[in-house]
Amino acid sequence: MEEFVNELQGLMKSNKIIEINLFGFDLSITDSVVVMWIVMAILIVLSVVFTRKLKTIPEGKQSIVEVIVEFFNNFAKDCVGEHGKLFVPYIGTIFLLLIVSNIIAVFNIIPSGEDLYNLTHWEFFENWNFAIRPPTKDINVTLTLALMSMVAVITAGIKVKKVSGWLKSFLEPEPLILPFKIFDYFIRPVSLCFRMFGNILGAVIIMELIYFAFPAVLPGFLSIYFDLFDGILQAYVFVFLTSLYIGEAVE
Amino acid sequence: MTGITALAASFCVLTGAAAGIGISVATSKAVQAVARQPEAGDKIRNIIVLGAALAEATAVYAFIIALLMVLVK
């Protein structure tokens with residue numbers, strides 16, 4: 001049991017792969033950063049491959065991309081309203097990034113350090129502790145995404161209403177509401193961040209418990225719910241809430 | 001001490017019951033609404049996802065607090 005608690009504690013901490021200390025700041029490259037790089041590489045390669053040789057009449061892989069882009073266009077138009085077109089790139093990018101990073105645990109094909117060490121007897125693998133886990137289980141990643149969403153909301157408000165209109169929107173419909181409107185800008189990123197973090201960390205821990213108890217067959221079925229469904233749903237909720245906030249800001 | 005912490009964590013996770021009731025009420029109303037007015041399905045889907053996400057957040061917060069209680073020493 002003690003061993004298992006240690007493993008869960010290891011899941012919550014981000015383990016450092018390369019330690020960097022710059023001017024007293026801890027800028028180490030953690031495993032969530034490396035997984036984010038993998039996610040970015042996947043997305044960049046896919047977007048380059050899928051958008052090569054575009055034609056007017058779509059065929060093959062181009063029609064898949066068109067369905068996805070159409071989905072984002074409609075999504076933005078539904079949630080944001082008439083200015084929706086302006087925010088399709090941001091919303092679409094975040095959606096794709098979150099979907100891929102939430103479900104990437106399915107592709108965790110790297111064996112654990114212990115197995116590799118027993119297999120090869122390299123000393124390098126003795127302290128090897130890298131597995132592909134969703135980077136969104138790290139609170140730093142979700143907090144960054146939530147702050148980016150709030151920056152997008154503020155930018156959207158300023159861009160559509162201009163600075164004076166945006167400042168005036170704090171006093172509408174009643175000047176009395178001003179403290180709550182300001183409070184909103186602090187509560188929203190925290191709630192976005194913790195929702196994503198808690199859900200993904202919960203799913204990772206539950207899957208780890210199941211792997212611990214039943215190593216075969218059962219994890220396969222439960223992984224469909226905890227890794228795929230939950231990840232995609234949380235990505236949808238995050239993007240949906242972001243676009244609702246943007247819609248409220250540009251109204 | 002470990003026993004007390006575990007008990008506190010288990011009480012904390014009881015929030016999940018309330019969140020479950022909240023989500024089930026929202027879902028049952030959404031099903032009724034879709035049954036009455038199938039053409040409003042898209043709008044209702046957006047609202048139910050938003051409502052469920054907000055209701056579920058409470059359970060997630062409780063879960064995080066319970067985890068912190070048990071794992072962080």
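The following exercises, with worked solutions, concern a predicted model.

Local features require pLDDT of at least 70 and side-chain atom pairs count only at pLDDT 80 or more, whereas totals for chains, interfaces and linings use all residues. Residues are numbered from 1 along each chain as its sequence is written, and chains are lettered from A and ligands numbered from 1 in the order in which they are written.

**Exercise 1.** Determine the secondary structure of chain A and the order of its elements.

*Solution.* Step 1: helices (H or I, at least four residues) and strands (E, at least two) are taken as DSSP runs, numbered from the N terminus. Step 2: chain A then has eight helices and four strands. Step 3: read from the N terminus, the order is α-β-β-β-β-α-α-α-α-α-α-α.

**Exercise 2.** Describe the side of chain A that touches chain B.

*Solution.* Step 1: with contact defined as C-beta atoms, placed from the backbone, within 7 Å, 14 residues of chain A meet nine residues of chain B. Step 2: α1 (2-12), α7 (178-213) and α8 (218-250) of chain A each give two or more residues to this side, and α7(A) provides the largest share, six residues. Step 3: Ala, Val, Leu, Ile, Met, Phe, Trp, Tyr, Cys and Pro count as nonpolar, Asp, Glu, Lys and Arg as charged, and the others, Gly among them, as polar. On this basis the side of chain A that touches chain B has eight nonpolar, five polar and one charged residues.

**Exercise 3.** Characterise the crossing of α7(A) and α3(B).

*Solution.* Step 1: axes are lines fitted to C-alpha atoms, for helices over the stretch in contact, with angles from 0 to 180 degrees between N-to-C directions. Step 2: the axes of α7(A) and helix α3 (residues 41-71) of chain B come within 9 Å and cross at roughly 65 degrees. Step 3: the two helices are therefore roughly perpendicular (65 to 115 degrees). Step 4: among the residues making the contact are A:Phe194 and A:Arg195 of α7(A), and B:Val60 and B:Tyr61 of α3(B). Step 5: the residues of this contact divide into seven nonpolar, four polar and one charged.

**Exercise 4.** Identify the residues that touch the most other members of the largest nonpolar core.

*Solution.* Step 1: such a core is a set of buried Ala, Val, Leu, Ile, Met, Phe, Trp, Tyr and Cys residues joined through C-beta atoms within 7 Å, where buried means 20 or more other C-beta atoms within 10 Å of the residue's own. Step 2: of its 37 residues, A:Phe238 and A:Ile246 touch the most other members. Step 3: α8(A) gives the most to this core, with ten residues.

How values were computed: Two residues are in contact if their C-beta atoms, placed from the backbone, lie within 7 Å. Angles under 35 degrees count as roughly parallel, over 145 as roughly antiparallel, 65 to 115 as roughly perpendicular and the rest as oblique. A crossing is left-handed if the near helix is turned anticlockwise from the far one by less than a right angle, and right-handed if clockwise. A residue is buried if 20 or more other C-beta atoms lie within 10 Å of its own, exposed if 12 or fewer, and partly exposed in between; C-beta atoms are placed from the backbone.
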